[in-house]
Amino acid sequence: ITYLFEEIKQIYMKLALHWRIFIGLILGAILGYVFSLNNLDGSDSNPAIGYLKLDHITWMGDLFLRLLKMIVIPVIVCSLVTGVGHLPMKSLGKIGLLTLLTFKGQMLFAAFVGLFFVNLIKPGQYIDLHAILGKGTGEDIHFITEQSHSISEILLSMIPSNIFNSLSSGSLIQVIVFSIFLAVALVSVKNGDRILAYFKIALDAILTMTHWIMGLAPFGVFALITKTVAIGGITAITKYGMFMLTVVVALMTMLLV
């Protein structure tokens, strides 16, 4: 048994990450289906297989998601400060304008692609969001369908009044704006390149952390799929699969077109 385990381990370690994630997805769906046989009412009351309970597995998925969220803000700050900080000062205005135009153009195209495929595939028709979000709360769920903001409100919302609050709350636009201002300021001041060098080192360290965290992706996916199928049944894969199909098709269109 030990020899067989070592052989399987060697084969697994040689596989590319995406194949490991795919294996985790398949195994999670199988184990989740076994759990669902003891959870015919579709509740989230921690079904079990003998002594093995669902929450003995789902913590891996929660841990993986927390680790991903942990590195989002540091990656954005360090990569933006490093990238913008190494641009020549004279070209910042021109490059900044071209970047803004390109970014806005890609946003418009992304919105068009997203709306096109959502209306074509209609993934929302397979899931009752009211039932999912309102489950166990005893309250009706009200969805926000439209919000309007003036240009001045949008511009003001992009500027952080407290950068530490923006960092803790995950306000990405405000963090991006601050990071760009900080990078330009570091380029403008004497010895600012020393601080930029530290940001470059920090970015390398955070990317290394990202590599470590992605190594846990197969286990995170395994746990998340196990929980999804255990609670929603095997049909949950089909329901959520339509969302995944929509996202993948739209992303491939963005990538290739």
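Thr-226 is buried in this predicted model, with a relative accessible area of 0%. This threonine belongs to helix H10, which covers residues 217-232. The protein as a whole has 11 helices and two strands, and 26% of its 257 residues count as buried.

- Beyond its neighbours within four places in sequence, Thr-226 is in contact with Gly-28, Leu-31, Gly-32, Phe-35, Leu-54 and Ile-57.
- Thr-253 is located in helix H11, residues 235-256.
- The relative accessible area of Thr-253 is 18%, so this residue counts as buried, the limit being under 20%.
- The Thr-253 side chain comes to 2.8 Å from the backbone oxygen of Val-249.
- When neighbours within four places in sequence are set aside, the contacts of Thr-253 are Val-113 and Phe-117.

**Overall architecture**

- Read from the N terminus, the order of elements is α-α-β-β-α-α-α-α-α-α-α-α-α.
- Of the contacts between residues at least 6 apart in sequence, 72% join residues at least 24 apart.

**Nonpolar cores**

- The largest nonpolar core comprises 13 residues, and those with the most contacts inside it are Val-77, Cys-78, Val-81, Val-175, Leu-186 and Phe-199.
- Helix H3 (55-85), H8 and helix H9 (192-214) are the elements that give two or more residues to this core.
- H3 provides the largest share of this core, with six residues.
- Val-77 touches Leu-167, Val-175, Ser-179 and Phe-199, with residues up to four places away in sequence not counted.
- A second, separate core has seven residues, among them Leu-31, Phe-35, Phe-222 and Ala-230.

**Packing of H3 against H8**

- Two packed helices are described by the angle between their axes and the distance between the axes.
- For H3 and H8, the angle is about 35° and the axes are 8 Å apart.
- The crossing of H3 with H8 is right-handed.
- On the H3 side, the residues that meet H8 are Val-72, Ile-73, Ile-76, Val-77, Leu-80, Val-81, Val-84 and Gly-85.
- On the H8 side, the residues that meet H3 are Leu-172, Val-175, Ile-176, Ser-179, Ile-180, Leu-182, Ala-183, Val-184, Leu-186 and Val-187.
- Classified by residue type, this contact has 16 nonpolar, two polar and no charged residues.
- Val-77, Val-81, Val-175 and Leu-186 take part in this helix contact and are also among the residues with the most contacts inside the largest core.

**Positions in H8**

- Val-184 is in helix H8, which spans residues 172-188.
- With a relative accessible area of 28%, Val-184 is partly exposed.
- The C-alpha atoms of Val-184 and Gly-85 are 6.2 Å apart in space, although the two residues are 99 residues apart in sequence.
- Both Val-184 and Gly-85 are listed in the contact of H3 with H8.
- Phe-181 is also found in helix H8.
- At a relative accessible area of 57%, Phe-181 is exposed.
- Phe-181 and Val-81 are separated by 100 residues in sequence and by 8.6 Å between their C-alpha atoms.

**Loop residues with positive phi**

- Lys-122 is not a glycine, yet its phi is positive, near 55°.
- Lys-122 lies in the loop between helix H4 (92-121) and helix H5 (129-133).
- The relative accessible area of Lys-122 is 43%, and the residue is therefore partly exposed.
- Asn-191, likewise a residue other than glycine, has a positive phi of about 65°.
- Asn-191 is placed in the loop between H8 and H9.
- Asn-191 is partly exposed, with a relative accessible area of 40%.

Technical notes:
Residues are numbered from 1 along each chain as its sequence is written. This is a predicted model: local features need pLDDT of at least 70, side-chain atom pairs count only at pLDDT 80 or more; totals for chains, interfaces and linings use all residues. Side-chain values use heavy atoms; hydrogens and water are left out. Helices (H or I, at least four residues) and strands (E, at least two) are DSSP runs, numbered from the N terminus. Buried means under 20% relative accessible area, exposed over 50%, partly exposed in between (1.4 Å probe, protein chains only). Contact means heavy atoms within 4.5 Å. A nonpolar core is a set of buried Ala, Val, Leu, Ile, Met, Phe, Trp, Tyr and Cys residues joined through side-chain atoms within 4.5 Å. Axes are lines fitted to C-alpha atoms, for helices over the stretch in contact, and angles run from 0 to 180 degrees between N-to-C directions. A crossing is left-handed if the near helix is turned anticlockwise from the far one by less than a right angle, and right-handed if clockwise. Ala, Val, Leu, Ile, Met, Phe, Trp, Tyr, Cys and Pro count as nonpolar, Asp, Glu, Lys and Arg as charged, and the others, Gly among them, as polar. A polar contact is a pair of N or O atoms within 3.5 Å; within protein, one must be able to donate a hydrogen and the other to accept it, and residues adjacent in sequence count only if both atoms are side-chain atoms.
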